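Subject: Structure for your files

Hello,

Here is the structure I said I would pass on. My notes on the cavities and on one interface follow it.

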Amino acid sequence: MSDEDLKQATLDYTLRLGDDALVLGQRISEWVSNGPFLEEDIAYGNVALDYIGRARMYYGYAAELAADGRSEDDFAYLRSEREFRNYLINELPRGDFAYSQVRQLLVDQFNTAFLDRLVESRDATLAAIAAKGIKETRYHLRRSREWVLRLGDGTAESRRRAQKGLDDLWGYTHELFEPDALEQRLAKAGIGVDTAALKSQWQQAVAATLGEATLNLPQEDWAVRGGRTGYHTEYLGHLLGELQSIYRSYPGCRW
Amino acid sequence: MTQERLELFEVFIRSKRGLDHKHVGSLHAQDHEQALEYARDCYTRRSEGVSIWVVKSSDICASQEEDSESFFDPADDKPYRLAGYYKLPDPVDNM
Amino acid sequence: MKTTLDEQELEQIFQQRIDNEQKIEPKDWMPEAYRKNLLRQISQHAHSEVIGMQPERNFLTRAPSLRRKAVLLSKIQDEGGHGLYLYSAAETLGTPRSELIEALQSGAAKYASIFNYPTQTWGDVGAIGWLVDGAAIVNQVSLQRTSYGPYARGMIRICKEESFHQRQGYEIMIALAQGSEAQKQMAQDSLNRFYWPSLMMFGPHDSESAHSARSMKWKIKRETNDDLRQKFIDQTVPQIMFLGLEHPDKEIRWNEQRQHYDHGEIDWDEFNAVINGNGHCNRQRMEHHLRAHEEGTWVRDAMTAYKEKQRKREVQVA
């Protein structure tokens, strides 16, 4: 791969990671003022804030790599749903509190493994973003793990909701571990992470928590894929429509 | 609709190494573990702390207002326990 | 020598303490009316912080830059935090938070009427930070010297955090005022809509205020509604000027003798109308609060059940 190719690939990769962070951060921020009690409202807001901060770092780096005058905001606000490359699991609606916390567990557990590797990237900026992110993510995981335990092993209703959330989300986890050609190339180059190698570790950890929470591991009979190619659910268009509405209504303005 | 019935915890924070933990407020949580996490999220959003204590409010034993006189007034007449009580001769201006 | 003091003597000691600028602390004897008055004021303040999250939340998902989104999110989250500090202070008076929230939900307790105004544009987010938080800060700075210890300490903490709220709002306004023609109009429109309601936040004129005199004697309030309002009016004039926007009050004029700005009269009919349920968002705000609370019921129940199971397991192990 030529240097120029590698740079373009790194840019694309960085945007994917930025999209993951922004889209999930946006979803979590929808919980603000909707939490089950005040302390949790504030605490979950911190998680959203971590994600939005992370998105800014990725997009900021993307702007640096692109070096064509585009800013972090241009990447966030001017790309359409076909151009977004986030994993599908991040764009699904917030659902009820159990759904959100189960998603959080699945994603946090993935991010823990992922960022732990990205810290070792040959790309110093990605490594630095990961080093900051891993600290946040360990805390996120601590929270989501405890919530899944409480909800799974709480009342019959909370257990039903947590199980339903898990069953509805499970099919979206497969694509997390299926790196495409670009991701494989970058992993080989020591820049990206080979997520296929994270699967068994992830599965073990998730299964352990679910077991403790008395939840059943879903039957693996369905899988939805496409986030990394821009093949999204219908939810993303609405999420972006809202997120980008003001920015796009006033082209070229500074805020 | 059930109201929130979580327990009340008092939060103490050490703002930096070398200082005492100081009472900063209270919060509601299910148990100590969660109280600690919420204290982190609610009381250290601006790097206010390097260490947190949480204590169940019901576990605090506090002196009572009606005991104040017998608890604290007797110490009022012992000024000789304070350095300022002793006059130093002028040539010795610091001790 | 008698050992117990009667009510009158206790009240004298209490008032003496206040006159000597000593704080009243939770375990101290206090007149029932003082406790009630405090509880009303602190809980209303707490409810306002929590309900106040909603109008800004309305633009959180649409914030026009990622930096603004992060700032706004931390700001709204702070409002929740301030609600928490205040509930915390109120609970030291012996009333659990659940009761305070029940009072809000039943309509027995109030929140600041300013939050019944809708946010319609991004400019409103700027105006709320600048004017609404600005007005709140003027009041809160004064309350740092309130006579009840936990309330005063909460206020000190809140003021420390809140000055960023006003600045970020003003920064939004500067960006708009220096932006495109459409942005400038947005800024002027938001200023026009939020200026008068933010003056109303200081409450009725002193002569009309139901709780004012006693609150001053007990030093729950340290400055009168009108004095605080004047302070806010004075400080806002140069800020509007710097933005190059038109002042919404056509009668605003410097009075050399008073060393204050003279100003036009507030439309108190509107003030009362909004308080009495005729604002655009009164119902929406309460419904939002109730819905979140209701949707959280099964979560809170699950926590209780989980804790109970944990306890039983521990007993079994032991």
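**Cavities**

The largest cavity holds about 270 Å³ of space. This is a predicted model, in which local features need pLDDT of at least 70 and side-chain atom pairs count only at pLDDT 80 or more, while totals for chains, interfaces and linings use all residues. Residues are numbered from 1 along each chain as its sequence is written, chains are lettered from A and ligands numbered from 1 in the order in which they are written, and side-chain values use heavy atoms, leaving out hydrogens and water.

A cavity here is a set of points on a 1 Å grid over the protein atoms alone where a 1.4 Å probe fits but cannot get out, and lining residues have an atom within 4 Å of a point. Grid points are joined across faces, edges and corners, and the volume is the space filled by probe spheres set on them. There are 4 cavities of 30 Å³ or more.

Lining the largest cavity are 19 residues, and A:Gly35, A:Phe37, A:Leu38, C:Val50 and C:His289 lie nearest its centre. Two or more lining residues come from each of α2 of chain A and α2 (32-51), α3 (53-60), α5 (97-106) and α12 (282-295) of chain C; helices are DSSP runs (H or I, at least four residues) numbered from the N terminus. α12(C) gives the most, 4 residues. By class the lining has 9 nonpolar, 6 polar and 4 charged residues (Ala, Val, Leu, Ile, Met, Phe, Trp, Tyr, Cys and Pro count as nonpolar, Asp, Glu, Lys and Arg as charged, the others as polar).

The second largest cavity has about 190 Å³ of space. Its lining has 17 residues, with A:Leu17, A:Asp20, A:Ala21, A:Phe110 and A:Asn111 nearest the centre. α4(A) supplies the largest share of that lining, 5 residues, and the classes are 12 nonpolar, 2 polar and 3 charged.

**Chains A and C**

Chain A and chain C bring 47 residues each to their contact (heavy atoms within 4.5 Å). About 4000 Å² is buried between them, 66% of it from carbon and sulfur atoms; buried area is the accessible area (1.4 Å probe) lost on putting the two parts together, summed over both.

The interface has 3 salt bridges (a side-chain nitrogen of Lys or Arg within 4 Å of a carboxyl oxygen of Asp or Glu). One of the pairs forming a salt bridge is C:Arg97 with A:Glu39, whose closest N and O atoms are 2.5 Å apart. On the side of chain A that touches chain C, α2(A) gives the largest share, 11 residues.

Regards

Terms used. 1 Å grid on protein atoms, 1.4 Å probe; cavity = no way out; pocket = protein on both sides within 12 Å on 5 of 7 lines; lining within 4 Å.
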